[in-house]
Amino acid sequence: MTDQSKIRNFCIIAHIDHGKSTLADRIIEKTGLLTEREMQAQILDNMELERERGITIKSQACRIVYKAKSGEEYIFNLIDTPGHVDFNYEVSRSLAACDGAILVVDAAQGIEAQTLANVYMALDHDLDVVPVINKIDLPSAQPQRVINEIEDVIGLEAQDAPQISAKTGQNIEDVLEAVVARIPAPKGDPDAPLKALIFDSVYDSYKGVIVFMRIMDGVVKKGTPIRMMATGFTTEVVEVGYFGAGQFIPCDELSAGMVGYLTASIKNVRDTRVGDTVTDSSRPCREALPGYKKVNPMVYCGMYPADGARYGDLRDALEKLQLNDASLFYEPETSVALGFGFRCGFLGLLHLEIIQERLEREYNLDLVTTAPSVIYKVHKTNGEVIDLTNPTNLPDPSEIDYMEEPIVDAEIMVTTEFIGAIMDLCQERRGQYLGMEYMEETRALLKYKLPLNEIIYDFFDALKSRSRGYASLDYELSGYQRSELVKLDILVNKEEVDALSFIVHGDTAYERGRKMCEKLKDEIPRQLFEIPIQAAIGSKIIARETVKALRKDVLAKCYGGDITRKKKLLEKQKEGKKRMRQVGNVEIPQKAFMSVLKLDDK
Amino acid sequence: MEALCREIAAARNMAADRAAEGRAAGNPSPAGKTGENRTEERDRKVSSVFLGGGTPSLLTPRQIDRVFDALYQSFSLTPDAEITMEANPGTLDEERLRAMKEAGVNRLSLGLQSTEDTLLRILGRIHTWRDFRESWDLVRKHGFDNVNIDLMFALPEQTREIWQNTLRTAAAMSPEHLSCYSLILEEGTPFAAQELRLPDEETEYEMYEDTSEILSAYGYRQYEISNYAREGRACRHNIGYWIRREYLGLGLGASSLWENERFSNTRDLKQYLEWDWEHDRYADTLREERIPLSREEAMAEFMILGLRMTEGVSCRAFLEEFGRTPESLYAEILEKYRKLGLLVCSKDRIALTRPGIHVSNRIMAEFL
């Protein structure tokens, strides 16, 4: 049995791009479990997509052995966390498996909105937070300024914080020693009944569900009869083990304080809910761990296969993704314009984009995605309240008493020179100013209440472009608020296109409708007849554009030697047409359905 | 020249062997054509010959002689066969014209392109308007009474007025036939790489309308997207392409439709010259890009090519060829474009309307 005093369970938290994954790689490298040749550029981010976007999506874990300067050997369980606001929930569940956290702060950028959010979350979980100043190799690095900032803003002792460069590997040893010295060892009781927290799971086609867990008390080994305390699912353990770098390494048993996995021929991921407690069914623990709140998707959109015949493939792909991503929601829906597809729910727009890209890349699906929507509460005159996730399902206005929309509390960290620009942006997005705190002379934290539907479209992009990349955002749902909302319909050639309908605030409806028509005019190619594009609220047309009729499309010459080539040309034309959606007589390119996403022209 | 003459002989082998097989078996040829008599008839007689591509008028009188000798030795032609030769203005002289006439050439096609020297220069043509006039006089003097003139519109720097003048000038010379093509820049050609001031789409549309209007005033009837002729002077050879008659293309890079297969010859001169004709009875080793056509493809071609002609597709001919009517196969497409006023369907004919011609690609693509 491993001596608990030699175990350190911790995670690394940071604002996006502050170097969390790079530090994780260096730690793994320095602990010598791997040769350099085995090192992929970034070990923990083993999904291709994560690598490209520089963000970590799925929390993962890695067990490493560190021989400290004192000569003692320590087992480190490094649990990776996602760095984006959309994935707060996943951060939270990773934190619950840890005893401490390394806080990485960029020596040039300093504290960002996300840094604060993550630190507060770690402190909520009673974790000891060890600050580390990264990127000291940058010419613009100001470590001392950042140390002061950490002390002033967060209130963490930071004078002794390791100053490192994860990129060059400079002073990584300091981090490892700080982990040994400052992160507490686990304090579970190995003799108590088994109590383990599920913090993640993956599906493997040979082993079934692989459950990632932190053992709080007791021991688990092959043959242990187990029960999931929330779902009630019982089974017998087939294998236990720990996480090597990117692989599962079986071992005899896992005991209190350890982090590892178990397999038990579990076919359905739903039986092993993340946040649930695993116990010994023959000797159960008295009460389950607090677990996690089930997170609810905040953003919904329709996802349709570009080729209707691949509906089944899309369903299978969503099912598989959901196994690893409990926060993904989907249910079948049909659209007049797009056929059979799914209404999918996401934690945020980034989550949506990542799922979309994974479906396209990993499952080779060509998708049409409709404009994202939040959940509106529609209070009907008969007293009924419905949660509306698809604008098409909005009841007739005569049946609606009033509507409510979700509101978030947003914190935006920005350098003082851009405060004006960002305040303008929040104003345009119907923000309600709550206050401003100066972090230091040149940086402030702006607090706003913002309608969620104003930030799901292109708020991130707008924020970045209006602050030259210097603003950062964190938000959380604060509740619902009554609002004057209307459904904006788009008519193409006088026919309503259900997949293009969206809900907007009455004051911005005209502007959005106009931009939408302009955008669609550019997206829809000219056809054999003139196509009016109209935006309407109810029966009232509020904007109109026209796609002029195609005038000429002729092959002048077609003699004996031309025929094969000309046929190919026509076939190509026909292929292009196949990729479009037929609405009435009009062919609409797939990407037009997403054009509502890019209406901000500033 | 030698290789070409040998290929002509190989073509004869193909045609003759098929005719023999057909007679022996007493049933349709392998391609499954209906109408045995028609097939046999066609195998025996050639109804048109077209000598074009490149600049065949550069052939010396002796070479002209040899090609046609080889042709007449291998094939018998119908008495009224149309024998066309392409010629570039400026390459014609009395001797050559005489040789053509003697060889049996009874139709000439002259690439004038424009009556404006500035436009001819932009197009990279070696001749001038004056060169053409001289060639024209010679052609008429040697008794060629079935002559086509090629013209181009939608050229860089060309205005509608210039085009209208060109049309009137050319029509006033009273050729029997005019082909008028709009300039289409093909990707990858040096022409496309240049920055050219091309007429806009609307102007091009108007120029096309001007063409049929002006030429009709001079007594020409449009019978195909780009072709106009005096009564009875439509090019029978080209019509053959559009009603999907079989043809054999001979020479470097030439294309064929034979037994429901499209293929073309190698473009590699060395390969062509080194062709092992003694061991390759049908010149198979010269053929490239062999594309056998399925029934569906053949039917689609029949529609696409047929719609190029103003009189359109003959439903009866379609039925005879494929055993089904276009109406039964393409009901939805026909209905859709009829409603839009782009197609007309009469008893036996399906044709593009005037507005339909302008957007013909869109309609044709539907049949694929």
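Helices here are DSSP runs of at least four residues and strands are runs of at least two, numbered from the N terminus. Keep that in mind as you click around, and remember that this is a predicted model.

**Stop one: a buried arginine in chain B**

Select Arg244(B). You'll find Arg244(B) in the loop between helix H10 (236-242) and strand E8 (255-258) of chain B. Is Arg244(B) buried or exposed? Its relative accessibility is 8%, and under 20% counts as buried, so Arg244(B) is buried.

Now show the side chains. That of Arg244(B) makes a polar contact with the side chain of Glu301(B), at 2.7 Å. Leaving aside neighbours within four places in sequence, Arg244(B) also touches other residues, among them Leu257(B), Asn260(B), Arg262(B), Phe302(B) and Glu321(B).

**Stop two: a four-stranded sheet in chain A**

Hop over to chain A and colour the strands E17, E18, E16 and E19: in that order they form an open sheet with antiparallel pairing. Why is one side of E17 and of E19 left without a neighbour in the sheet? Strand E17 (329-335) and strand E19 (367-369) of chain A stand at the edges with a single partner strand each, so one side of each has no neighbour there. On average, neighbouring strands of this sheet are turned by 30 degrees against each other, direction ignored.

Zoom in on E17(A) and its antiparallel partner, strand E18 (residues 339-346) of chain A; 7 bridges join them. To see two residues facing each other, pick Tyr330(A), which stands opposite Cys344(A) in E18(A).

**Stop three: two crossing helices**

Select helix H1 (residues 20-30) and helix H6 (residues 172-182) of chain A, which pack at an angle of about 85 degrees with their axes 10 Å apart. H1(A) is therefore roughly perpendicular to H6(A). Where they meet, H1(A) brings Leu23(A), Arg26(A), Ile27(A) and Lys30(A), while H6(A) brings Ile172(A), Glu173(A), Val175(A) and Leu176(A).

**Last stop: helix H12 of chain A**

Finish with residues 506-523 of chain A, the 18 residues of helix H12. At 1.5 Å a residue H12 should span 26 Å, and its end C-alpha atoms are 26 Å apart, so the two agree. The buried residues of H12(A) include Thr508(A), Arg512(A), Met516(A) and Leu520(A). What covers the buried residues of H12(A)? Among the elements doing so are helix H10 (452-455), strand E26 (485-492) and strand E29 (531-537) of chain A.

Key
Residues numbered from 1 in each chain as written. Chains lettered and ligands numbered in written order. Predicted model: local features only at pLDDT ≥ 70, side-chain atom pairs only at ≥ 80, totals over all residues. Heavy atoms only, no water. Pairing = 2+ DSSP bridges. Axes fitted to C-alpha atoms, helices over the stretch in contact; angles between N-to-C directions. Buried < 20%, exposed > 50% of the residue type's maximum accessible area, 1.4 Å probe, protein only. Polar contact = N/O pair within 3.5 Å; in protein donor to acceptor, adjacent residues only side chain to side chain. Contact = heavy atoms within 4.5 Å. Expected span 1.5 Å × (residues − 1). Parallel < 35°, antiparallel > 145°, perpendicular 65-115°, else oblique.
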